[in-house]
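The entries follow the order in which I checked things.

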Amino acid sequence: MINVTVWCEYRQAKFQDDVRAVYPNGIKEAIKDFLDKDEELNVRTACLDDPDCGLNDEQLNNTDVLIWWAHVAHHEVPDALVKKIQERVLLGMGLIVLHSGHFSKVIQAVLGTSCSLKWYEHPTNCRERIWCTDPSHPIAEGIGDYFELEHEEMYGEFFDIPKPDSVVFTGWFNTGHVFRSGCTWTRGYGKIFYFQPGHEQFPIYYNENIQRVINNAVKWAYSPKRRPELDCPNAKPLEEI
Ligand code: ZN
């Protein structure tokens with residue numbers, strides 16, 4: 001079994017009617033719902049307002065792949081937790097960052113750049129065509145040449161990220177913008193995937209292609225041979241190695 005933690009900030013669904021209308025129980029439960037259909041996955045959810053953000057040491061150690069969606073409260077994630085997540089990625093925990101998570105302290109720490117981009121604040125009629133630009137990559141399995149999202153927030157280049165190992169997907173918007181929508185990296189023993197779709201006002205996570213990509217990404221990001229220190233009680237903190 002692959003232990004997956006779906007972490008969502010889970011603030012907007014509590015006080016924004018338009019978000020709750022699309023995701024009554026938050027994006028975290030919508031993602032869990034489709035991942036639960038995969039019998040190889042053991043999925044739990046966690047959010048910012050849980051004790052220890054739902055990511056205490058035991059919960060982190062039991063996470064093989066961490067999925068991260070956040071938007072309005074990046075600054076509330078404790079720096080100490082960010083450091084622990086970064087260390088676990090280096091030790092082999094998979095990390096999948098979705099949509100506005102591009103500005104999270106987690107991905108900034110792991111990748112080392114600002115991860116800034118161009119965007120439209122009030123998306124009204126942005127249509128996105130997501131092209132597969134690395135069809136042999138495991139994350140693209142089952143995905144055709146492209147698929148479309150009728151409504152999505154526009155994210156455009158320049159996206160300030162380190163050069164990806166693979167740009168699995170490239171998004172084109174009817175505004176004329178393009179974006180590296182699906183990118184992979186490795187850091188230490190860990191695999192990282194950033195995936196751009198997922199604005200909270202649109203039913204993106206009910207789209208079968210989106211679900212397929214995220215499910216594929218979980219399988220790809222899972223590293224069964226994690227660095228042994230993770231399970232060793234006498235392991236030194238990373239900075240002492
Ligand atoms: Zn958004």
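I began with Tyr23, which is buried at a relative accessible area of 0%; buried means under 20% relative accessible area, exposed over 50% and partly exposed in between, with a 1.4 Å probe and protein chains only. Tyr205 is buried as well, with a relative accessible area of 0%.

Notes on the source: the model is predicted, so local features need pLDDT of at least 70 and side-chain atom pairs count only at pLDDT 80 or more, while totals for chains, interfaces and linings use all residues. Residues are numbered from 1 along each chain as its sequence is written, and side-chain values use heavy atoms, with hydrogens and water left out.

Aromatic pairs. I searched the whole structure and found 9 of them; rings of Phe, Tyr and Trp (its six-membered ring) pair if their centres lie within 6.5 Å, with planes under 30 degrees apart counted as stacked, over 60 as edge-to-face and the rest as tilted. Tyr23 and Tyr205 make a tilted pair, 6.2 Å centre to centre and 50° between the planes. Tyr23 is in the loop between helix H2 (17-22) and helix H3 (26-35), and Tyr205 is in the loop between strand E11 (190-195) and H7, so the pair ties together parts 182 residues apart in sequence. I took helices (H or I, at least four residues) and strands (E, at least two) as DSSP runs, numbered from the N terminus.

I then looked up Phe169 and Phe195, also a tilted pair, at 5.8 Å centre to centre and 50° between the planes. Phe169 belongs to strand E9 (residues 166-173) and Phe195 to strand E11, 26 residues apart. Phe169 is buried at 0% relative accessible area, and Phe195 counts as buried at 0%. Ring pairs also join Tyr155, Phe159, Phe179 and Tyr194 in a cluster.

Nonpolar cores. The largest has 39 residues, and Leu35, Ile67 and Phe169 have the most contacts inside it; a core is a set of buried Ala, Val, Leu, Ile, Met, Phe, Trp, Tyr and Cys residues joined through side-chain atoms within 4.5 Å. Helix H7 (residues 208-221) gives the most to this core, 7 residues. A second, separate core of 35 residues includes Val77, Leu81, Cys115 and Phe159.

Zinc site. Which protein donors does the zinc ion have? I found His99 (NE2), Glu153 (OE) and His199 (ND1), lying 2.0 to 2.1 Å from the zinc ion. Donors are N, O and S atoms within 2.8 Å of the metal (3.2 Å for Na, K and Ca); water is not among the atoms, so sites may look incomplete. The donor spacing in sequence reads H-x53-E-x45-H. His99 and His199 are both buried.

Salt bridges. I counted 14, each a side-chain nitrogen of Lys or Arg within 4 Å of a carboxyl oxygen of Asp or Glu. In one of them, Lys219 and Asp38 have their closest N and O atoms 2.8 Å apart. Lys219 lies in helix H7 and Asp38 in the loop between H3 and strand E2 (41-47), so this pair ties together parts 181 residues apart in sequence. Lys219 is partly exposed at 32%, whereas Asp38 counts as buried at 12%.

The side chain of Arg129 meets that of Glu148 in a salt bridge (2.6 Å, N to O), and the charged end of Arg129 sits over the ring of Tyr146, 4.6 Å from its centre. For that I required NZ of Lys or CZ of Arg within 6 Å of the ring centre and within 35 degrees of the ring normal.
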